[in-house]
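Hello,

Here is the structure I promised to pass on.

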Amino acid sequence: MYMDMRNGNYSFSSAVRDNDLHRGSFNELTKKTFGFDFTDWYAEGNWGNLYIPHVMLDEGRVVSNVSVNRIRFDLGGKKKDYIQIGTVMTDEKYRGKGLNGQIMERVLKEYEGKADGIYLFANDSVLNYYPKFGFRPSKEYEYYMVLADTTGGNREASRPYVVQKLTMTKGGQSEPLYQEIRNYIIDPESTNQNDGLYMSENLGLYRFWMAADFGEWIYYLPETGTYVAANVEGQVLHIAQIFGKVQIEIPRLARSFGEEVKEVVLGYTPACREMFQVRERREEDETLFILGEDLRRIERDKMMFPILSHA
């Protein structure tokens, strides 16, 4: 759909993906603002209809943007449709003209009543900007586990999983993982037994992360048929996500990455929280803002949006 809205010399469009000129300009502004672009993601067919830039154009060139990410989550077996606002940017030559605010107002009006909630992650320089549109800041919480010494315990209980590192580059071993993710889309009754707030129907966003930051972090556990995105930093195992219908024993998984691991930190809200400790998540230059009563549960119930769902 193409929409034209005259505002001086500016026009509005939400059809960037399918317009070669506008998509190229959008990629250039993204690269200039954030240091990345969507060229390969689009070329490989991963830019579906769930990621929708809303842009202001000046003579066909993208000068400001607010992107909508439509994401379905599995919240303890219940489906929740949330919208994440992302890639908020304005060319430095066009700042101060109110263009981004006009896009935001249009987006919020367009999607009013079409989702269970709207949220975004803001950097520290714009914390006073989003409350103007009705957003409020919200705390997030991360779960972690300090590992006990099991050298004198049950040897079978402390036996590590066999982990196989996968190659996620083009032509590598990525397809079985993506098929596991697709299974949640195909079967609406499927539930990830490990994750209490699981992004269940956005394969394109998973592919984006696997092609970027998390491509070197993917492992397969043949014993359970489960996939894990994780890496070790010092004595800490960071688990970004577990993909599979079998509940994984976190102490066993930690030992699979070496005896030096003393702590595990999750990048998602675990389905079974009793075995973990919890603390407020504080990420530099990243504050969660929410819109809608349903999303108050994130702070109230001590949850976090999974790392791999950030857009």
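Below are the notes on the overall fold and on two residues.

This is a predicted model, where local features need pLDDT of at least 70, side-chain atom pairs count only at pLDDT 80 or more, and totals for chains, interfaces and linings use all residues. Residues are numbered from 1 along each chain as its sequence is written, and side-chain values use heavy atoms, without hydrogens or water.

Overall fold first. The protein has seven helices and 15 strands (DSSP runs numbered from the N terminus; helices are H or I with at least four residues, strands are E with at least two). The C-alpha trace spans about 75 × 45 × 40 Å along its principal axes. Take the contacts with a separation of 6 or more: residues 24 or more positions apart account for 72% of them. A contact means heavy atoms within 4.5 Å.

Now the two residues. Most residues other than glycine have a negative phi. Thr87 has a positive one, near 50 degrees. Thr87 sits in strand E4 (residues 78–90). Its relative accessibility is 11%, so Thr87 counts as buried.

Asp285 is not a glycine either, yet its phi is positive, about 60 degrees. Asp285 lies in the loop between strand E14 (277–280) and strand E15 (287–291). Because its relative accessibility is 40%, Asp285 counts as partly exposed.

Best wishes

Note on methods
Buried < 20%, exposed > 50% of the residue type's maximum accessible area, 1.4 Å probe, protein only.
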